Amino acid sequence: MAEDLIAVTGATGVVGGAVAALLADAGASTRLVVRDPGRAPELEGAEVRRASGYGDAEEMRAALEGADTLFLVPGREAADRVQQHGTAVDAAVAAGVRHIVYLSAIGAAPDSIWTLVRQHWQTEELIRASGVAWTFPRFNLYMDFIPFMVAADGVIRGPARDGRVAAVMRSDVAAAIAAVLTSEGHEGRIYDLTGPEAFSLAEAAELMSRMTGKPVSFHDETDEEAFASRAGQAPDWEVEGWVSSYWAIRDGLLADVSPHVHQLTGRSPVSLADYLEADPSVLDHVTAEG
Ligand SMILES: NC(=O)c1ccc[n+]([C@@H]2O[C@H](COP(=O)([O-])OP(=O)(O)OC[C@H]3O[C@@H](n4cnc5c(N)ncnc54)[C@H](OP(=O)(O)O)[C@@H]3O)[C@@H](O)[C@H]2O)c1
């Protein structure tokens, strides 16, 4: 039997690109389905097909023809994102894909307080209803973003109170997904991809302050402050998505530490301290003289 062909979306992005590179290292046959082939990574064993977006049924079907497995990276936040995902799922089924691995979000539920996460639940439901085998690795908040939550004045702002978050590096997310895609027995499974510990934003601020020698603090915004400080930066639904990510931290939805990254990859996920020590440049905006 021919080797399985794994279609990888989002390969011009961080998680999809890292998954594609790990699959190439593992000698897998892949097809990178990208919007702009000029930005696709050049990788051993990888062919590249263009589709202008998840919402283009015909281009997605043509790009997925002959693939056995699809790794579907969620699209950029959009009001019609679930519809776009649904079109991509239908196209995958029409193309003969037998297994969809969808990068979802921890706590995916129809009424998640983190409003954007409701779209992940809806997408999971579409995939479950499609009849193909599925696996849902679910991300926690990306740890890579924590340093960039610090504003130019050294303050992290958000209505998170003293809630804790088991944030995870995108490199660990990618490693776990690559493991799912290159081994057997993951159909019908959900994996919670978290870091090795949960911390409050005040603790993260304290750590970043210690590491830079600059004052970094956490300001627990009221909801009114949170909406006002972000007003006009995006449509209302997206601003609510940002603010409600802090509510998810506040309410403990992102606090549980899961063993799944370790179980899938055989190594412990990276901690915030290890990440910052390995790459202090991510705090350059904190250390820069005003
Ligand atoms: N856990 C978290 O904290 C968190 C935070 C932010 C986002 N996310 C979600 O996690 C996903 C993956 O993260 P990442 O860091 O790898 O994102 P990223 O670097 O921005 O990459 C996103 C990839 O998805 C592709 N894409 C976006 N919208 C698409 C669409 N409608 N149709 C087809 N392809 C589309 C992009 O293609 P182009 O290069 O052509 O744009 C890119 O390759 C994001 O897309 C987002 O949904 C999670």
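Modeller: Happy to! Let's start with Leu 283, which is found in the loop between α10 (272-278) and α11 (284-287). Helices (H or I, at least four residues) and strands (E, at least two) are DSSP runs, numbered from the N terminus.

Colleague: And how are the residues numbered, and where does the model come from?

Modeller: Residues are numbered from 1 along each chain as its sequence is written. This is a predicted model: local features need pLDDT of at least 70, side-chain atom pairs count only at pLDDT 80 or more, totals for chains, interfaces and linings use all residues, and side-chain values use heavy atoms, with hydrogens and water left out.

Colleague: Back to the loop, then. Is Leu 283 buried or exposed?

Modeller: Leu 283 counts as buried because its relative accessibility is 4%. Buried means under 20% relative accessible area, exposed over 50%, and partly exposed in between (1.4 Å probe, protein chains only).

Colleague: What is Leu 283 in contact with?

Modeller: Contact means heavy atoms within 4.5 Å. Leaving aside neighbours within four places in sequence, Leu 283 is in contact with Pro 147, Met 208, Thr 212 and Leu 276. Thr 212 is 71 residues from Leu 283 in sequence, yet their C-alpha atoms are 7.5 Å apart in space.

Colleague: Nice. What about the chain as a whole, how many helices and strands does it have?

Modeller: The protein chain has 11 helices and 12 strands. Its radius of gyration is 19 Å, close to the 19 Å that the globule rule gives for 290 residues, so the chain is as compact as a globular protein of that length. That radius is taken over C-alpha atoms, and the globule rule is 2.2 Å times the number of residues to the power 0.38.

Colleague: What share of the residues is buried?

Modeller: Buried residues make up 51% of the 290. Also, of the contacts with a separation of 6 or more, 73% are between residues 24 or more positions apart.

Colleague: Which residues have the most contacts inside the largest nonpolar core?

Modeller: Phe 71, Ile 100 and Ile 146 do, in a core of 87 residues. Helix α5 (residues 170-181) gives the most to this core, with eight residues. A nonpolar core is a set of buried Ala, Val, Leu, Ile, Met, Phe, Trp, Tyr and Cys residues joined through side-chain atoms within 4.5 Å.

Colleague: Where does Leu 64 sit?

Modeller: Leu 64 is in helix α2 (residues 57-64). With a relative accessible area of 0%, Leu 64 is buried. Beyond four places in sequence, its contacts include Ala 7, Arg 31, Ala 88 and Val 97.

Colleague: And which strand holds Ser 104?

Modeller: Ser 104 is in strand β6 (residues 104-105).

Colleague: Last one: what is phi of Arg 161?

Modeller: Phi of Arg 161 is near 45°, a positive value in a residue other than glycine. Most residues other than glycine have a negative phi. Arg 161 lies in the loop between β8 (155-158) and β9 (164-165) and is exposed, with a relative accessible area of 51%.
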